[in-house]
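Dear colleague,

Please find below the structure that I am handing over to you. My notes on what was found in it follow directly after.

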Amino acid sequence: MIGSFLTWGLAWGTVAHAADIDGQWARGDGNAKVTIAPCGSDICAVNTWIKPGTPKEKEGDKLVMSIKPDGEGVYSGSAFDPQRDLTYRITVTVKGDRMTTKGCIVAGLLCKGIDWTRID
């Protein structure tokens, strides 16, 4: 999944639910689709479709995000990729039916951003 979110490149509890993030999203390169929805006290992005031949990704891979609002349509925090046992810093920016995710590893030295479009 992090391949999706980083090659693509949310603690809710007391934080308002970010309905503008929830939904189904298609990655800008056309190689993946994800559903973003609450999962326990966090938000999860789950691969629902992966283009055949896309390496290191599969349907059902999950990214668990602990993010907080950090401005209008901007959320930041951490993301855990259980498939790879890695944690990333993440920033998610949502503007209408467009979303950009930026994930960073190695103390923020290696970052990648990915654009997404909301799908029905």
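Threonine 91 stands opposite lysine 102 in strand S7. Strand S7 covers residues 98-105 and runs antiparallel to S6, to which seven bridges join it; two strands pair if DSSP finds at least two bridges between them. Strands here are DSSP runs (E, at least two residues), numbered from the N terminus. The hairpin of S6 and S7 has two residues between the strands, and glycine 96 takes a positive phi near 65° there. On to S8: eight bridges join S7 to S8, and these two also run antiparallel. Isoleucine 105 stands opposite leucine 110 in S8.

This is a predicted model, in which local features need pLDDT of at least 70 and side-chain atom pairs count only at pLDDT 80 or more, while totals for chains, interfaces and linings use all residues. Residues are numbered from 1 along each chain as its sequence is written, and side-chain values use heavy atoms, with hydrogens and water left out.

Tryptophan 25 belongs to strand S1 (residues 23-27). Its relative accessible area is 0%, so tryptophan 25 is buried (under 20% relative accessible area, with a 1.4 Å probe and protein chains only). A polar atom of its side chain lies 2.9 Å from the backbone oxygen of isoleucine 21. Tryptophan 25 and isoleucine 119 are 94 residues apart in sequence, yet 5.4 Å apart in space, C-alpha to C-alpha.

With kind regards

Terms used:
Helices (H or I, at least four residues) and strands (E, at least two) are DSSP runs, numbered from the N terminus. Buried means under 20% relative accessible area, exposed over 50%, partly exposed in between (1.4 Å probe, protein chains only). A polar contact is a pair of N or O atoms within 3.5 Å; within protein, one must be able to donate a hydrogen and the other to accept it, and residues adjacent in sequence count only if both atoms are side-chain atoms.
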